[in-house]
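Hi everyone, thanks for coming.

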Amino acid sequence: MKTAIIHTDNLTKSYHRRPVVDGVSLLVEENSIYGFLGPNGAGKTTTMKMLLGLTPKDSGSISILGHQMNEKNRIAILKETGSLIENPSYYGNLTGYENLKISCTLKGLPFSEIDRVLKIVRMDSQKNKKAAHYSLGMKQRLGIANALLGSPRLLLLDEPTNGLDPAGIHEMRELIKSLPHKYGMTVMISSHLLSEIEQVSDTVGIISNGRLIYQGLLSGLRAKNPRFLIIKTSDNQKAETAIAKSPFAHLLPPAPQNAGSRQSNPSPLSQALCLSCPSDRETADLTKFLVELGLGVYRIQEQEDSLEELYLKMVKEVSL
Amino acid sequence: MKFLLVELKKQKGQFSGLLFLLVFSFTVLWLLWCLDDLDFACFNDITGLLITNLLLMNTILVPLVLAVFASRLADVERLGNTYKWLCTMESSGCIYRCKAIVGAVYLIIFALAQAVLFALAGSYFVPGFSIHYIQYFVTLLAVYEAIFLFQLNLSFASSSQLLPLFVSVGATFTGIFSWFLNQYPLRYLIPWGYFAALCNVGMYYQEDIRYSTYTWSPYPVLWLVILLVFIGIEYLWGSRFFRKHILDF
């Protein structure tokens, strides 16, 4: 079993008596890329700020790199942690190199680290330019370089692809994916976009309205996704009535789920029967049954909600 | 020490030193202009005249400079959104302490340069060392520190740096009034008035013979102590406020 790099227990934070993080218990394992997913305002940044001790928690406990974190040992623990929270931080009057020198001085790292991280984020040719003259994407890269200084064991990245162009996003994604096996890092990355998290993370935590509504492997999330069998026949009404009276009646979902209800992909199956996904054997028997009734079976298709739809459904359920 | 070094590094390109140098150069020129067409037969004590003039120049010039300086120290962090970065490497109390110390370093150098200017000008006319040179340095340093910490705290607390600048302009005028409103305790109530409150020279002008008599009184240690207590309170309050609200800035 892998070691827990981040472990929180019942983490809670309220602003003006309104809970923004409500009993969140995170578990981030060593050498993993943990995707922290949630809509805007769900509590992702507040949680990450609490992990870094930037926002005091109301209750609960935080353990980072095996140490229970408190105000006294916070700085010592964070020496092995790199972070990029919200917008990148920089001194506009200093060059990119000088900005990183500040981190090196404060963390007690050799300045040779600067060239190494600048090379990783492909900023080595821009290092002598003032940070104020950087584009947003370059500032973001500088922020990532800063977080990578000293090869920390844990990296906390809050929406790191903000402001990057598509090529930059792709590059950043590849970089993040390479960190665990190349440098032995554990990465916790937050985003409100499932598609982004899906491409880099193996484990996800979904937060909505301050509550952690799912935590586990992405494959586990996929398994939660119900599948349907869509059947289009020459007479759907007749087919439905016949199925209801047949041994296949259990496949018919409750009324609102039935024909024409699956609007997410309306054509060409908008006028079709929607059944709970049967086994292969049952599918064959059902097809035979419909054909024997004299119905033309035009199309049989297995369908499932996309992960995006499932995520939105989960988030919506919590919001209600 | 490394925290202080970092704080000094952040000053690069801020031209804070140049700001103080410009004010000092202006003070030198102003003093030379004052002395240029001076009739030495019209007063009894050149040292008294020098110190009152220099303190008045400070009352006029320094509040705005300190406001700009303090504002730059605070704003460099706000502009770069750097507190959430720094606070993962050093404590918030340490950030405030370093800013106050770096500010104090600049103020010591500035006050020392002014004291040397006073000593050079004074000893040119009255050879030898005078305790007034040291008193002048102490006065400047204490008042600078009180104004600087006030402006630093105000800069941290304000989202717009225009407010501290407007306050300093108003404070400059109040400081000037405090010199001429002897009958009111204004000079003892505001830090900008302490240039006048800690001035231990009195002047009596006889209009009929056009003669100014400068008289020295003992240094007002009690008011200096009160100012030092005020500085202590400013520091403690500022540090506490900063620690509490640093990430709201």
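Let's begin with Asp58(A), which forms a salt bridge with Lys13(A), their closest N and O atoms being 3.9 Å apart. By salt bridge I mean a side-chain nitrogen of Lys or Arg within 4 Å of a carboxyl oxygen of Asp or Glu. This pair links distant parts of the chain, 45 residues apart: Asp58(A) is in the loop between helix H1 (44–51) and strand S5 (59–64) of chain A, and Lys13(A) is in strand S1 (residues 4–15) of chain A. Helices (H or I, at least four residues) and strands (E, at least two) are DSSP runs, numbered from the N terminus.

A quick word on the ground rules. This is a predicted model, where local features need pLDDT of at least 70 and side-chain atom pairs count only at pLDDT 80 or more, while totals for chains, interfaces and linings use all residues. Residues are numbered from 1 along each chain as its sequence is written, chains are lettered from A and ligands numbered from 1 in the order in which they are written, and side-chain values use heavy atoms, leaving out hydrogens and water.

Back to our pair: are its two partners buried or exposed? Lys13(A) is buried, at 8% relative accessible area, whereas Asp58(A) is partly exposed, at 44%. Here buried means under 20% relative accessible area, exposed over 50%, and partly exposed in between (1.4 Å probe, protein chains only).

Another salt bridge in chain A joins Glu71(A) and Arg74(A), at 3.5 Å from N to O. Glu71(A) is exposed, at 58%, and Arg74(A) is buried, at 4%.

Now, how do the chains meet? In chain B, 22 residues are in contact (heavy atoms within 4.5 Å) with 25 residues of chain A. Lys84(B), Trp85(B) and Met89(B) supply 31% of the area that chain B buries against chain A, more than any other three residues. Buried area is the accessible area (1.4 Å probe) that two parts lose on being put together, summed over both. For this interface that comes to about 2200 Å², 60% of it on carbon and sulfur atoms.

How many salt bridges are there between chain B and chain A? The count is one, and Lys12(B) and Glu98(A) meet in a salt bridge at 2.3 Å, N to O.

Finally, a look inside chain B: Gln151(B) lies in helix H6 (residues 131–157) and is buried, at 0% relative accessible area. Its contacts include Leu66(B), Pro164(B) and Trp192(B).

Technical notes. Lists of a residue's contacts leave out its neighbours within four places in sequence.
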